[in-house]
Amino acid sequence: MPRTPSPTPSNLRFIPRLIFASRWLQMPLYVGLILAQAVYVFHFWVELVHLLEAAWGNPEALRLIFEASGQKAATPPTHLTETTIMLVVLGLIDVVMISNLLIMVIVGGYETFVSRMNLEGHPDQPEWLDHVNASVLKVKLATAIIGISSIHLLKTFINAENYSDKVLIAQTVIHIAFLLSAMGIALADRLLHPPGGEH
């Protein structure tokens, strides 16, 4: 018995075509995330320039990065310390990881929910984009959030003298909650799509 051909977008009735076309309403959201990424790039370079200026002995730049790193002192610092450098560098790594998270959301979300990018064969195509779907994207985002949370927690522990025990415990508990949530998402994905089955 011959199969009935699937309707093409042009053959869809008005309401289904309208509902399907509504996915393009997400386009301004992804453009907004691209603009947010541009702000992160600007912030990264501002912090990096301040760090370089402080290394050359600029007292104002030293004061700015000292305050931005969350440290407190009765008198302004006169030179860079290893702790200050470490906190600033971790802050820069944090910006990079959040930027990577934005790229995953923008590229993976557009490919999954809006339209194909047709990047097959492109030398710069991300490896993970070959098998991206809503489930895989959720697992990758959860993993990225754990990485970001780990950087924040490390910064807090390095600068622990400027935080109360309540803040330290709260951040640790939140990080563990992120970790358990990611494990739950990964487990649910594994149960829904067992290895060897059709994904």
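## Terms and basis

Residues count as buried under 20% relative accessible area, as exposed over 50%, and as partly exposed in between, with a 1.4 Å probe and protein chains only. By that scale Trp24 is partly exposed, at 36% relative accessibility.

The model is predicted, so local features need pLDDT of at least 70 and side-chain atom pairs count only at pLDDT 80 or more, while totals for chains, interfaces and linings use all residues. Residues are numbered from 1 along each chain as its sequence is written, and side-chain values use heavy atoms, with hydrogens and water left out.

## Overall fold

The chain has 6 helices and 0 strands, where helices (H or I, at least four residues) and strands (E, at least two) are DSSP runs numbered from the N terminus. Along the sequence the pattern reads α-α-α-α-α-α. The chain holds 199 residues, of which 28% count as buried.

Two packed helices are described by the angle between their axes and the distance between the axes. Here axes are lines fitted to C-alpha atoms, for helices over the stretch in contact, and angles run from 0 to 180 degrees between N-to-C directions. Angles under 35 degrees count as roughly parallel, over 145 as roughly antiparallel, 65 to 115 as roughly perpendicular, and the rest as oblique.

Helix α2 (residues 27-55) packs with helix α4 (residues 82-113) at an angle of about 165°, and their axes are 10 Å apart. α2 is therefore roughly antiparallel to α4. The contact of α2 with α4 is made up of 20 nonpolar, 4 polar and 1 charged residues; in this division Ala, Val, Leu, Ile, Met, Phe, Trp, Tyr, Cys and Pro count as nonpolar, Asp, Glu, Lys and Arg as charged, and the others, Gly among them, as polar. α2 and α4 cross in a left-handed sense, that is, the near helix is turned anticlockwise from the far one by less than a right angle (clockwise would be right-handed).

With helix α3 (residues 59-68), α2 packs at an angle of about 125°, the axes being 8 Å apart. The two helices α2 and α3 are therefore oblique to each other. The crossing of α2 with α3 is left-handed.

## Packing of α4 with α5

The axes of α4 and helix α5 (residues 134-158) cross at roughly 170° and come within 10 Å. α4 and α5 are therefore roughly antiparallel to each other. Their contact has 19 nonpolar, 7 polar and 3 charged residues.

## Aromatic pairs and a charge over a ring

The structure holds 3 aromatic pairs. Rings of Phe, Tyr and Trp (its six-membered ring) pair if their centres lie within 6.5 Å; planes under 30 degrees apart count as stacked, over 60 as edge-to-face, and the rest as tilted. One of the pairs is Trp24 with Tyr110, which is edge-to-face, at 6.3 Å centre to centre and 70° between the planes. This pair links distant parts of the chain, 86 residues apart: Trp24 lies in the loop between α1 (14-21) and α2, and Tyr110 in helix α4. Tyr110 is buried, with a relative accessible area of 17%.

Phe44 and Trp45 also form an edge-to-face pair, 6.1 Å centre to centre with 80° between the planes. Trp45 is exposed, at a relative accessible area of 51%. Trp24, Tyr30 and Tyr110 form one aromatic cluster.

The charged end of Arg23 sits over the ring of Phe20, 4.0 Å from the ring centre. A charge sits over a ring if NZ of Lys or CZ of Arg is within 6 Å of the ring centre and within 35 degrees of the ring normal.

## Residue pairs separated in sequence

Asn100 lies in helix α4 and is partly exposed, at 44% relative accessibility. Ala36 is in helix α2 and is partly exposed, with a relative accessible area of 30%. Ala36 and Ser99 are 63 residues apart in sequence, and their C-alpha atoms are 9.0 Å apart in space.

Pro126 is in the loop between α4 and α5. With a relative accessible area of 25%, Pro126 is partly exposed. Pro126 and Met104 are 22 residues apart along the chain, and their C-alpha atoms are separated by 9.7 Å.
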